[in-house]
Amino acid sequence: MRILLVEDDRTLGPDLKKELAALGYAVDLADNGVDAEALGYEDIYDLAVLDLGLPQRPGIEVLKNWRKRSNNIPTLILTARSSWQEKIDGFDAGADDYLAKPFHTEELVARMTALLRRAKQQPTKQLETSGLVLNEKTQAVSVEGSNELELTGMEYKLLRYLMHNPGRLLSKLQIVEHIYDDGAENDSNVVEAYIKMLRKKIGKERIQTKRGQGYIFVNQL
């Protein structure tokens, strides 16, 4: 999943980006409200983590502007622990959840995961479809109740994105935008290689190829 992280703290922002990337997320970091708002209009993000105390444009204004333009990106706001009014203002502006500073990264990830599941209409604690169960902690997959198969980091990112979008035609460009971070080599031709490797583990029938268009993850076999 591709995350828009908006945090102006010069230590917290890069540290969070690094930690989230290590957990398999593609992360773009913005450190001011103007850049954050512009990035939020790009149709490549699955979720935004938005600090409210930003330079150039307050986070609450960024969120309001997104919602005015019908940008419904799931948004988790970061607030000061003592500022209960910020939480209320955030929800009124269209926030989906909040987290008070200081916080543990584990709680942030848990809340992000819950938001992503709700956004993708995946209410269970496990990511599960088409006879597959993806363990997001171990980055392994179980096929039709079998023992878990280990996945490489990129295989995990790719499968998670496919399982969040069953039955949807996904172009190579869409896949690249959602599984690579901004510092990675993002040659779309590499997607074919990872699709082939993933098919060997989960079965080739689960990922259909639409020539010249992209791939479809089959949610019912």
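Begin by selecting strand E8 together with strand E9 (residues 149-150) in this predicted model, where the two strands run antiparallel and are joined by 2 bridges. Within that pairing, pick out Val141 and then its bridge partner in E9, which is Leu149. If you next follow the chain from E8 into E9, you trace a hairpin with 5 residues between the strands, and in its turn Glu144 has a positive phi of about 50°.

Now show the side chains of E8 itself, residues 140-143. In a regular strand the side chains alternate between the two faces of the sheet. Which residues of E8 lie on one side, and which on the other? Ala140 and Ser142 are found on one side, while Val141 and Val143 are on the other, and all of them are buried, leaving both faces of the strand covered.

For the last stop, move to the surface and select Asp9, Asp15, Glu19 and Glu106, which gather there in a patch of negative charge. Centre the view on Asp15, which is placed in helix H1 (residues 12-22). Asp15 counts as partly exposed because its relative accessibility is 39%, a value that falls between the buried limit of under 20% and the exposed limit of over 50%.

Methods: Residues numbered from 1 in each chain as written. Predicted model: local features only at pLDDT ≥ 70, side-chain atom pairs only at ≥ 80, totals over all residues. Heavy atoms only, no water. Patch = residues over 30% accessible without salt bridge, like charges linked within 9 Å, V, L, I, M, F, W, Y side chains within 5 Å. Areas by Shrake-Rupley, 256 points an atom, 1.4 Å probe, with all protein chains shown as cover. Salt bridge = Lys/Arg side-chain N within 4 Å of Asp/Glu carboxyl O. Lys, Arg positive; Asp, Glu negative; His and termini not counted. Charge placed at Lys NZ, Arg CZ, Asp CG, Glu CD. Helix = DSSP H or I, 4+ residues; strand = E, 2+ residues; numbered from the N terminus. Buried < 20%, exposed > 50% of the residue type's maximum accessible area, 1.4 Å probe, protein only. Pairing = 2+ DSSP bridges.
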